[in-house]
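Subject: Structure handover

Hello,

Here is the structure for your files. My notes on it follow below.

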Amino acid sequence: MLETRSISRRFGRTLALDRVDFHARPGEIHALIGENGAGKSTLVGIIAGRLAADSGQVLLDGVALRAGVSAVALRRARIAAVYQSPMLFERMTWEENLALGGFAAGASPRALDAVAARARQIAAAAGFELPPPRALVADRSVAERVRLEIVRALSFAPRVLILDEPTSLLAPAELKIFLAALGRLRDAGRIVVLVTHKLAEALAVADRITVMRCGRVVTETRAAESGAAELARLMIGALPDAPARAPRDPDPAAPPALALTGVTLVREGRRVLDEISLTVRPGEIVGLAGVDGNGQAELVEAIAGAVKLDAGSIVPAPGGPAVAVIPQHRDRDGLVLEMPLWENLMLAAPLRARFAPHGFFGRAAARRFCAELLGRFAIRAAAGPACAAGALSGGNRQRLSVARALAGAPRVIVAHDICRGLDLGAAAQVRRALAEFAAAGGAVLLISTDLDELLECCGRLLVMVRGRVRETAPADRDPERLGLLMAGAAA
Amino acid sequence: MRRRLAAALRPAAAIGGALAAMAIALALLGASPLAVAADLADGAFGNWIAFTDTLARATPLVFCGLAVAVAFHGALWNIGADGQLVAGALAAGALGPALGGAPHALAIAAIIGAGGLAGALWGGLAGWLRARRNVNEVISTIMLNFIAAQLLSWAVHGPLMEPSGAFPASRKIAAAARLHLYFAPTRLNLAMLFAVALAAVCELGLFRTAAGFELRALGRNRRASAFFGMPIARLTVGAMALSGMLAGFGGAVQVAAITHRLYETISPGWGYEAIAVALVARLSPLGVVPAALLFGALDSGSQAMQRADGVSAQLVYVVQALAIIVMLAFDASAGGGWRELLGGGASDAPDAAAEARDA
């Protein structure tokens, strides 16, 4: 049996895992479910030895595993993990990749034919197909890569196989075959831990389910005994105390402030945005719910004009001053950390136009404006406007991003996951600022994985699944129902 | 204020460290480090002629150093200042002989303008390749260096060859197009003043204008620049053209003030040395001037050192290279700057950081 005893792990000020006890028994598929940020990946990282726990133990068949063990020691303990994004060398053939991964201990790594033969043996037992001989990984689909990773993991004859969101990128047809193969592994007496945020999948394939939320195990249950609605509630948390705020009624006759028509974006052969059409009218906060990675980031890039569309149109034209975008990864996409705060404000085109009307900055005025903004949004910066953005704490950086978006006086704000990582007070402040913006006639598209936030802030709600966006009916306006829609349930 | 002073002292400390390392090496080789240093200083600053020679040697390094600094601020690794300088010199040398009838001021403006334009085209071409065809500018600018060098060679052996056909050099430019040597027999001329003025313009442009800000933002966070709708292609082409123009000016004034004609070997590699100059200056346009003076002093002093001590003049290249390495290795400058820029991974690293955070 694989178990963890009272595992805790902290990242900075965030307690990612809080005394987690987890058990997975031989001959079962155990699904570990929870929302993004619930601590699933951290937990499997610790079990697989990729991360060290601050406290607590991991035991396999009653024997404690040392924290931070090397890959070699793990193979001896026979725990193999397949992570979210396949870790393969793109420019090598799949045989070379398997050989490099320590495949087929005993065989010379150069004996690629032997590697291939052994791989086919393992793959056949699992019901997988492998790519043709000497095929480059770069040319293979995501599903094939995941299968390669699994074959590599199986080559160690692991006692425990951990699969971290392996299915998030698989097409439905591939998924079915893959899940059937997992069943065969279970029947061979292995411990299979399947990490997923897809409720339907967990219910379909797992024998037991452990639900995590906010770094804690909420419940462990037999799959056959639990209902989807109950699990969704456990995943998402308590229902908001206050009833959802009545949706505001924007003027239906008003022309939309933001209109997307048939927006399509293809990346690596996948339609990450699939004919998305949506509108946001002035005075409206439209919520876009969805599990992270279903195309939200690409949608924001498209609206910001950072990518070229393959089809469709966006009004107003991307890149203009009418739309302010607050990206999800504020450090990567929204700030220049080495630059002072006032210069970071000037990234926004409307502010640049205001403080450099003829191409030359009025630096004193820009700094004064920055100082005023810091005060108004309670952004704590020791050195004031001259302080480098990188010196701010995460919450203050986020407030700076929001303050900048509002200060440009746009007609539309597209905000992606703006409250992630903020404490309750700061999050409330950010939401209030958006509500005031909407009340004054602004249009907001609020993209979030946090259903409570969306239910509290938004009028109309949309759901994004696998690059598609669909409207929800008023009857869908509760966390359980939305959770199911986010997991891809039919309407 | 104290921090600013410390930042300004760091390059000096790096040079000092490199010199100290050289002193030890010299002592081990049996030469007296003090005597070598004295001769080096004497050769660079010992008398009026030596001093003005140092200024003249530093001048093309200022132009090329500015070219490199401007491009590097946008994370555009322009290794092609040498080719852009040659392109500028070629245009100046081709136009110069035809300017006989023009008034002095007009002829000077024409010859320097032609050089700047040619350099801008040469640099802008690399920028266009980067912006539109995603060709790495490091590769394209190096290739363009070769092409410019061969173009110059062909020109002085062919269409621009002087009438006697005896030497691989062009005809002399018209007297009207020559920058006067006001302090003959020294080589002192107005080009250094022009270079210093350009440094001030670059400093203002980079740090006081919206376009300069956009370029610096692009260099430090390309993704954010895209998210905020900055015209990345236009900035790339514009910055590379501007960079090429600065180097092209350097080529033109060299022809107008010093050589008065084209030779195959018009540049001893200023464009490459300028990368070191810009780095020592920490990419500050105003800092390029003293950095170029220092390198110019090492260049001109090295000849005297070779004569007096029998130490190879090449030694100064070792000092220059050591200074760069010492700076890169030990100057973990506060709040980013060229060290991160040169690391190159800076723009990719946040991806990994973000992933780690989300895990």
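A:Arg25 and A:Glu28 join side chains in a salt bridge, at 3.9 Å from N to O. The term means a side-chain nitrogen of Lys or Arg within 4 Å of a carboxyl oxygen of Asp or Glu. A:Arg25 is partly exposed at 29% relative accessibility. A:Glu28 is buried at 6%. Buried stands for under 20% relative accessible area, exposed for over 50%, and partly exposed for in between (1.4 Å probe, protein chains only).

Some ground rules. This is a predicted model, where local features need pLDDT of at least 70 and side-chain atom pairs pLDDT 80 or more, while totals for chains, interfaces and linings use all residues. Residues are numbered from 1 along each chain as its sequence is written, chains are lettered from A and ligands numbered from 1 in the order written, and side-chain values use heavy atoms, without hydrogens and water.

**Other salt bridges**

The whole structure holds 32 salt bridges over all chains. One of them pairs A:Asp18 with A:Arg19 at 3.0 Å, N to O. A:Asp18 is buried, at 10%. A:Arg19 is exposed, at 53%.

Another links A:Arg134 and A:Glu95 at 3.3 Å, N to O. A:Arg134 sits in the loop between helix 4 (112-126) and helix 5 (142-155) of chain A, and A:Glu95 in helix 3 (residues 94-100), so the pair ties together parts 39 residues apart in sequence. Helices are DSSP runs (H or I, at least four residues) and strands likewise (E, at least two), numbered from the N terminus. A:Glu95 is buried at 0%, while A:Arg134 is partly exposed at 42%.

**The A/B interface**

Chain A brings 31 residues to the contact and chain B 25 (heavy atoms within 4.5 Å). The two chains bury about 2600 Å² between them, 59% of it on carbon and sulfur atoms. Buried area is the accessible area (1.4 Å probe) that two parts lose on being put together, summed over both. In chain A, A:Arg332, A:Glu338 and A:Arg352 lose the most area to chain B, together 23% of what that side buries.

Four salt bridges run between chain A and chain B. B:Arg216 and A:Glu343 meet in a salt bridge at 2.7 Å, N to O. A salt-bridge network links A:Arg267, A:Glu298, A:Glu301, A:Arg332, A:Asp333 and B:Arg223.

**A strand in chain A**

Strand 15 (residues 323-326) of chain A is covered on both faces. A:Val323 and A:Val325 are buried on one side, A:Ala324 and A:Ile326 on the other.

Best wishes
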